[in-house]
Amino acid sequence: MEDRVRETARARVPEQQNRKVVRHSVRGQILDALRAALLAGELAPGEIYSGPALGERFGVSATPVREAMQQLALEGVVECLPNRGFRVLTRTPGELAELAEVRALLEVPVMLRLARTVPAGAWAAVVPAAAEAEAAAAAGDAARYADADRAFHRAVLALAGNAQLLLVAEDLHRRSQWPLPGPRRIRRADLVADAAQHVAVLAALSTGDLPEAESLIRTHFASP
């Protein structure tokens, strides 16, 4: 009898794990949808949104919405208002400039070191990320481009082999992407120009052209 009970308990474990994976998947999908809405200006800075209302909009319960919003709060995108919902924070141009400066202080030295030390053939691993960014830009898809932009920088920095660097850089990059200040909207031309900078930076890094790489990288981080 005891053996049968143990077997029954073990048999239940995969089912419980599957339920957790499904719930996490829903939360992840809602998080992606909220980020896309932020980039599209559908969730406006300064406005308050309730979990149940957003859940109804996305066809889910309020729980995964609240979980996704908690993640956005950690990223500095929204603030939690007890019994009211979540307010989308306003990112000022000054704050965006500060984030760009910090990202440059972190990433530029690493990229230049990689240009000196990484074999030319290793840069091929970054090419797909640059190509995806170009495709997303050509389509004018801001949400897809935001993902591709982070993926490109992540692929470059991954060559340094520092997991903590990737975590910090990813967090800073996300914080710099939304919410946009004022009524500004992302234009397709801006995405195309940014993606072209990726390609140029990659070319300079892969050939070890340090002066060109540094100039291009600093211009890239200084771009609005």
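User: How are α5 and α6 oriented relative to each other, roughly parallel or roughly antiparallel?
Analyst: This is a predicted model. Helix α5 (residues 127-139) packs on helix α6 (residues 142-158) with the axes 8 Å apart and an angle of about 160°. An angle over 145 degrees counts as roughly antiparallel. The orientation of α5 and α6 is therefore roughly antiparallel.

User: Which residues of α6 meet α5, and what is the make-up of the contact by class?
Analyst: α5 passes α6 in a left-handed crossing. From α5, the residues involved are A129, A130, E132, A133, A135, A136, A137 and A139; in α6 they meet R144, Y145, A148, A151, F152 and A155. By class, the contact of α5 with α6 has 12 nonpolar, no polar and 2 charged residues.

User: At what angle do α8 and α9 pack, and what does that make their orientation?
Analyst: The axes of helix α8 (residues 188-207) and helix α9 (residues 210-222) are 9 Å apart, and the packing angle is about 155°. That angle makes α8 roughly antiparallel to α9.

User: What is the handedness of the crossing of α8 and α9, and which classes of residue make the contact?
Analyst: The crossing in which α8 passes α9 is left-handed. On the α8 side the contact is made by D194, Q197, H198, A200, V201, A204 and L205, and on the α9 side by E212, A213, L216, I217, T219 and H220. Sorted by class, the contact of α8 with α9 has 7 nonpolar, 4 polar and 2 charged residues.

User: Which strands stand at the edges of the sheet?
Analyst: The sheet is open, has 3 strands in the order β1-β3-β2, and its pairing is antiparallel. Each edge strand has a single partner strand, so one side of each is left without a neighbour in the sheet. The strands at the edges are β1 (48-49) and β2 (78-81).

User: Which residue in the hairpin of β2 and β3 takes a positive phi?
Analyst: The hairpin has 3 residues between the strands. With phi near 65°, the residue is N83.

User: Which helix lies across β2 and β3?
Analyst: The helix in question runs at about 125° to β2. It spans residues 62-74 and is helix α3.

User: Does R103 count as buried or exposed?
Analyst: R103 lies in helix α4 (residues 93-117). Not counting residues up to four places away in sequence, R103 touches V108, H153, L172, H173, S176 and F221. Buried means under 20% relative accessible area. With 8% relative accessibility, R103 therefore counts as buried.

User: How far apart in space are D171 and L74, C-alpha to C-alpha?
Analyst: D171 is in helix α7 (residues 163-177). Its relative accessible area is 31%, so D171 is partly exposed. In sequence, D171 and L74 are 97 residues apart. In space, C-alpha to C-alpha, D171 and L74 are 9.6 Å apart.

Terms used
Residues are numbered from 1 along each chain as its sequence is written. This is a predicted model: local features need pLDDT of at least 70, side-chain atom pairs count only at pLDDT 80 or more; totals for chains, interfaces and linings use all residues. Side-chain values use heavy atoms; hydrogens and water are left out. Axes are lines fitted to C-alpha atoms, for helices over the stretch in contact, and angles run from 0 to 180 degrees between N-to-C directions. Helices (H or I, at least four residues) and strands (E, at least two) are DSSP runs, numbered from the N terminus. Angles under 35 degrees count as roughly parallel, over 145 as roughly antiparallel, 65 to 115 as roughly perpendicular and the rest as oblique. A crossing is left-handed if the near helix is turned anticlockwise from the far one by less than a right angle, and right-handed if clockwise. Contact means heavy atoms within 4.5 Å. Ala, Val, Leu, Ile, Met, Phe, Trp, Tyr, Cys and Pro count as nonpolar, Asp, Glu, Lys and Arg as charged, and the others, Gly among them, as polar. Two strands pair if DSSP finds at least two bridges between them. Buried means under 20% relative accessible area, exposed over 50%, partly exposed in between (1.4 Å probe, protein chains only).
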